[in-house]
Amino acid sequence: PRDWLDHGHTRDPAYSRVVAHITWFSATLPPSALPAGAVQISLADAPASKRGFSFDAMDLSAYPFAAQFDRVPPCAAAMSELRHEERMYILEEAGEERLRRKAEQFAWMAETRGTEQALYEELFAALGYKHNRSAFRCLAELVPHDVLREEAGTDPLAAQAVLLGVAGLLPSTESPTWDAETASFVRRLWDRWWKTPSSFHSRRMSASKWRLSGVRPANMPHRRIAAAAALFSRKDPLPRALIEACSCAPQERLSRAVKVFQVRDPCGYWDAHATFGSQVFHTPTSLLGPGRTASILCNTVIPFLAASGIPTAQILDFIPPEDDNAIARSMAFRLFGRDHNPALLRTGLRQQGLLQIFHDFCLECRPKCSACQLPHRIRPTTTLSRASPA
């Protein structure tokens, strides 16, 4: 129930017409927190009071695919004829194909924009996640990598000021609801922003380009911009740091690359806040969580390394899975049934394979499974070999 407060819904007009706040856990919010007349309903107590009910009977991993298919999809029938090793081989081959295409796309971007700018733009887009991807890419184009480096150097606070200012997310006036820490931090940002050349001010984005409602606090663009500022104001440039991370044994390369992205806000403000003046997090929260870092590694870093001539075949088995992906989960249930082993989705390469199969086959043919070519492509094989996405 506290998430209503932590997500700032009380002050968000988009939630002013809510009539029922339904949560799993039971707790009561103060009446002033919810719109007038809204009721609070918790669901956990009712099943817990039923005799013989066990929470263990709830298959949370099956949501929302608890219902059986009317008939077994042709692709699932074909998969059921294969050995486990053959199924995994198909997924990993599809995953490599997906990464191969990403590497080709990155190589084309590097040719047209330069390697550093290509990495910069792709990382910005990844930081935007699904809601603010286009806005972040626009910001990366308005403040190119070399321009940010020239203006902010290795000062992450100056980089934050430039990026937040051009993004249109730097407040122009002080709010009476701010605490002393927020007011002081915004003044420090403004001390740097007003000194920037007028060209920065003339290219400011409209704040309406950013989606702020319905975004989890840890994913708010303010915090992601702070992460970008920390990554691209490093003393050793990010491309060099990633290449150096791959100078060790294959099984250690991705873990060392992960450490490159474990950035903290040097000012400490964004460790505890989602936006300016938002409620403080209960515990310090890193600017990039494990799930977002895994997504960046898979979708940006590995294509960058492959396009830079760094062999990547040996590290593919160590790719961590991204945050729960609805498409990958749906494909796993379609291909292997609701009772498949959850370990199927615990490697990033297989997860990428499920996504590639969806885009190559399901997206083209659904809902007409009879026209799909995937079942005809699935054949038992005795020779399992894998190629490099590079």
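A helix crossing is left-handed if the near helix is turned anticlockwise from the far one by less than a right angle, and right-handed if clockwise. The model is predicted: local features need pLDDT of at least 70, side-chain atom pairs count only at pLDDT 80 or more, and totals for chains, interfaces and linings use all residues. Residues are numbered from 1 along each chain as its sequence is written, and side-chain values use heavy atoms, without hydrogens and water.

The crossing of α7 and α8 is right-handed. Helices here are DSSP runs (H or I, at least four residues), as are strands (E, at least two), numbered from the N terminus. Leu148, Glu151 and Ala152 of α7 make the contact (heavy atoms within 4.5 Å) with Ala158, Ala159, Val162 and Leu163 of α8. By class, the contact has six nonpolar, no polar and one charged residues. Nonpolar covers Ala, Val, Leu, Ile, Met, Phe, Trp, Tyr, Cys and Pro; charged covers Asp, Glu, Lys and Arg; the others, Gly among them, are polar.

## His340

His340 sits in the loop between α15 (326-336) and α16 (348-365). His340 is buried, at 14% relative accessible area. Buried means under 20%, exposed over 50%, partly exposed in between (1.4 Å probe, protein chains only).

A polar atom of the His340 side chain lies 2.7 Å from the backbone oxygen of Gly337. Leaving aside neighbours within four places in sequence, His340 contacts Ala332 and Phe333.

## Gly8

Gly8 lies in the loop between α1 (3-6) and β1 (20-23). Gly8 counts as buried because its relative accessibility is 14%. The C-alpha atoms of Gly8 and Ser213 are separated by 9.0 Å, at 205 residues apart along the chain.

How values were computed: A polar contact is a pair of N or O atoms within 3.5 Å; within protein, one must be able to donate a hydrogen and the other to accept it, and residues adjacent in sequence count only if both atoms are side-chain atoms.
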